[in-house]
Amino acid sequence: MDLWIRSQEKERLIKPTDLYIEETIDYVNKCSEFDIYALNYANNDIRIGTYQTKERALEVLEEIQNILVGTIIIKSNALFSPSERKRLRERFNIDKLPIIKQPSYEIEPLQNFIVYKMPED
């Protein structure tokens, strides 16, 4: 399963190897923004979203993680016994399949790909 992410500005479609949050401080206006960056295979840092609070940026990363975890569990249903699936759910600390239950983000299946569209702030 490959995860692709559409940038907040809708101008980029990226297959990240890593995601991270970085704070940008505006000393003149005395405020901060929190950018989410994706690292691609060439190790380029690409800003894919900007949020007013660190909490919102962390929520977005959580949504992306839930998509990946949900995908792993959905795919595992055919491969693992019920007891093994229970162990996986406990390991990832989830009660349900987040890919199905959380409507706050858009996903589009493209054969073996998932495209996550970065939400607005």
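Student: Where does Arg56 lie?

Tutor: In this predicted model, Arg56 lies in helix α1.

Student: Why is Arg56 called buried?

Tutor: The relative accessibility of Arg56 is 19%. Buried means under 20%, so Arg56 counts as buried.

Student: Which residues is Arg56 in contact with, leaving aside its neighbours within four places in sequence?

Tutor: Arg56 is in contact with Tyr51, Glu63, Pro119, Glu120 and Asp121.

Student: What makes the pair Glu59 and Arg56 a salt bridge?

Tutor: The closest N and O atoms of Glu59 and Arg56 are 3.2 Å apart. The cut-off is 4 Å between a side-chain nitrogen of Lys or Arg and a carboxyl oxygen of Asp or Glu, so the pair qualifies as a salt bridge. The structure holds one salt bridge.

Student: How are Glu59 and Arg56 placed in helix α1?

Tutor: They are three residues apart in helix α1, which means a separation of about one helical turn.

Student: Why is Glu59 called partly exposed?

Tutor: Glu59 has a relative accessible area of 45%. Exposed means over 50% and buried means under 20%, with partly exposed in between, so Glu59 is partly exposed.

Student: Which residues of the largest nonpolar core touch the most other members?

Tutor: The core has 15 residues, and Ile5, Ile36, Ile48, Val60, Ile64, Tyr116 and Met118 touch the most other members. The elements giving two or more residues to this core are β1 (2–6), β4 (31–39), β5 (45–51) and α1 (54–76). Helix α1 gives the most, with four residues.

Student: What is Ile5 in contact with beyond four places in sequence?

Tutor: The contacts of Ile5 are Arg12, Leu13, Ile14, Pro16, Leu19, Ile48, Ile64, Tyr116 and Met118.

Student: In what order do the strands of the open sheet stand?

Tutor: Three strands form this sheet, in the order β3-β4-β5, with antiparallel pairing.

Student: What makes β3 and β5 edge strands?

Tutor: β3 (18–26) and β5 each have a single partner strand, so one side of each is left without a neighbour in the sheet. Neighbouring strands of this sheet are turned by 30 degrees against each other on average, direction ignored.

Student: How do you know that β4 and β5 pair?

Tutor: Six bridges join β4 to β5. Pairing needs at least two bridges, so β4 and β5 count as paired. Within β5, Asp45 is the bridge partner of Leu39.

Student: What makes the phi of Lys30 worth a remark?

Tutor: Phi of Lys30 is near 55 degrees, a positive value in a residue other than glycine. Most residues other than glycine have a negative phi. Lys30 lies in the loop between β3 and β4. At 76% relative accessibility, against a cut-off of over 50%, Lys30 is therefore exposed.

Student: Where does Asn43 lie, and why is Asn43 called exposed?

Tutor: Asn43 lies in the loop between β4 and β5. The relative accessible area of Asn43 is 56% and exposed means over 50%, so Asn43 is exposed. Asn43 also has a positive phi, about 65 degrees, although it is not a glycine.

Student: Over which residues does pLDDT stay under 50?

Tutor: That stretch is residues 97–105, for which the model has 22 contacts beyond four places in sequence. Where pLDDT is low, the predicted coordinates should not be read in detail. The protein chain averages a pLDDT of 78, and 68% of the residues score at least 70.

Technical notes:
Residues numbered from 1 in each chain as written. Predicted model: local features only at pLDDT ≥ 70, side-chain atom pairs only at ≥ 80, totals over all residues. Heavy atoms only, no water. Core = buried A, V, L, I, M, F, W, Y, C linked by side-chain atoms within 4.5 Å. Buried < 20%, exposed > 50% of the residue type's maximum accessible area, 1.4 Å probe, protein only. Contact = heavy atoms within 4.5 Å. pLDDT = per-residue confidence, 0-100. Axes fitted to C-alpha atoms, helices over the stretch in contact; angles between N-to-C directions.
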